[in-house]
Amino acid sequence: MAKIQSLQDARDARNTEPAGAAPSRGADTARAVETLATQLAATAVERDRQGGHAVQERELIRASGLLRLSVPTAHGGTGASWSTVLHAVRELAQADSALAHVFGFHHLQIAGVLLYGTPEQHAYFLRPTVERNLFWGNALNPLDRRVVARAELDGYRIDGVKSFSSGSVGSDLLTFSAWHKASDTALIAALPTRADGITVNPDWDAFGQRQTDSGTVRFDHVRLEAIQVLQAPGTAPTARATLRSQIAQLIMTNLYLGIARGAFQEARRYVREDARPWFASGVQRHADDPYVQERFGEFWLRVQAAQALADQAGHALDEALGRGPSVTAEERGQVAVAGAQAKVLAHRAALEVGSDLFEVTGASSTAARHGFDRFWRNARVHTLHDPVAYKVRDLGRYALLDQIPEPTAYS
């Protein structure tokens, strides 16, 4: 019981007010998401300029009760479908893509516990998550093998540094990976962020997604108990467990889709309310310019197509997870195909609408006070983490050769 208590202490150490009750399914969740999105939007432009750690806004997320959304009801959570979680990411990203990233990755870590962990580990990690309203971050970047695990007694010792650790700054719990040289495989585990030997450095300095709390995490002789190991070295994940990467991909897809929708809505509002027509257009309102209307038609098509495929992929994910341990590699592969389709279109929509909106809003819209540049910057920074060309290649292999994507951390 001592270890479970340490997870509960993680929340106590924050010295913050307890949050309200978790929303129930359906309408209550939708209202909670809408309220939170409105709260985040109120300060999004200013915070995007400032960067750093959004302490108050993360507490708004806690207070919304939405941190419990993906936790099964058996452990006190809302037990929402992944389609519901992904819609929440999309709505929040339309207002603030950086905090939507933090929110989405919190739920991704919960998915990892559920897919890799045992029933005992589910209770060990998720009950305190709900009871103490804990915030999850990650140091799981699989391409960075500088963190190593060495067997020690009945557990491991962890040492090294991990980059691109989304949500790590200000988190209560961390999922992380460590390279086990003896087996030449990775270990996946979770620990309280303030465990002895863990240091989170807030050194993220990209020109977009400035408040994703993606710091560098250092592990110095960190003790890891057996119950905290979600995937032991040398363990081959099941087809169901590899759905975690599809959850990650769809979180990113809905993040990009939210950015595209946010850019579209801001451009629409500006053109209708503030923009002046070009002198040669022959119209009194900028919104009546046929060239402007044509561009908005293109924006609309990009967003609608991406949204349709994102919804389709979300339902495919729900169905695959609903099959439990019986889900097959082929079924998992079909989810990966659906996810790749959606991600390619969402990627393109976010970049294109986020950049091209200036062609219809005009020179005055580039004023810093509007913050319209944040849409392209945020999309450009995040989309570089997973080259979309490889998604198109996977789709080409499927379309031409009937080959489903090979399970990796990115496919």
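**Domain 1 against domain 3**

The C-alpha centres of domain 1 and domain 3 lie 21 Å apart.

Student: What are the bounds of the domains here?
Tutor: In this predicted model, the chain is divided into domain 1 (26–134), domain 2 (138–231) and domain 3 (239–401).

Student: And how many residues of domain 1 are in contact with domain 3?
Tutor: On the domain 1 side 25 residues are in contact with 34 residues of domain 3, and the two domains bury about 2,500 Å² between them, with 60% of that area on carbon and sulfur atoms. Arg 90, Gln 94 and Leu 115 supply 28% of the area that domain 1 buries against domain 3, which is more than any other three residues.

Student: How many salt bridges between domain 1 and domain 3?
Tutor: The count is three salt bridges between domain 1 and domain 3, and there are 13 residue pairs in polar contact between these two domains.

Student: Which element gives the most to the side of domain 1 that touches domain 3?
Tutor: That is α6, with 12 residues, while the elements giving two or more residues to that side are α3 (44–50), α5 (82–95) and α6.

Student: Switching to Ser 97, is that residue buried or exposed?
Tutor: Ser 97 counts as buried because its relative accessibility is 4%, under the 20% cut-off, and Ser 97 lies in helix α6, which covers residues 97–116.

Student: What does the Ser 97 side chain make a polar contact with?
Tutor: The partner is the side chain of Gln 209, at 2.5 Å; leaving aside residues up to four places away in sequence, Ser 97 touches Leu 92, Gln 209, Leu 255, Ile 259 and Asn 378.

Key. Residues are numbered from 1 along each chain as its sequence is written. This is a predicted model: local features need pLDDT of at least 70, side-chain atom pairs count only at pLDDT 80 or more; totals for chains, interfaces and linings use all residues. Side-chain values use heavy atoms; hydrogens and water are left out. Helices (H or I, at least four residues) and strands (E, at least two) are DSSP runs, numbered from the N terminus. Buried means under 20% relative accessible area, exposed over 50%, partly exposed in between (1.4 Å probe, protein chains only). A polar contact is a pair of N or O atoms within 3.5 Å; within protein, one must be able to donate a hydrogen and the other to accept it, and residues adjacent in sequence count only if both atoms are side-chain atoms. Contact means heavy atoms within 4.5 Å. Domain bounds come from an automatic or database domain assignment. Buried area is the accessible area (1.4 Å probe) that two parts lose on being put together, summed over both. A salt bridge is a side-chain nitrogen of Lys or Arg within 4 Å of a carboxyl oxygen of Asp or Glu.
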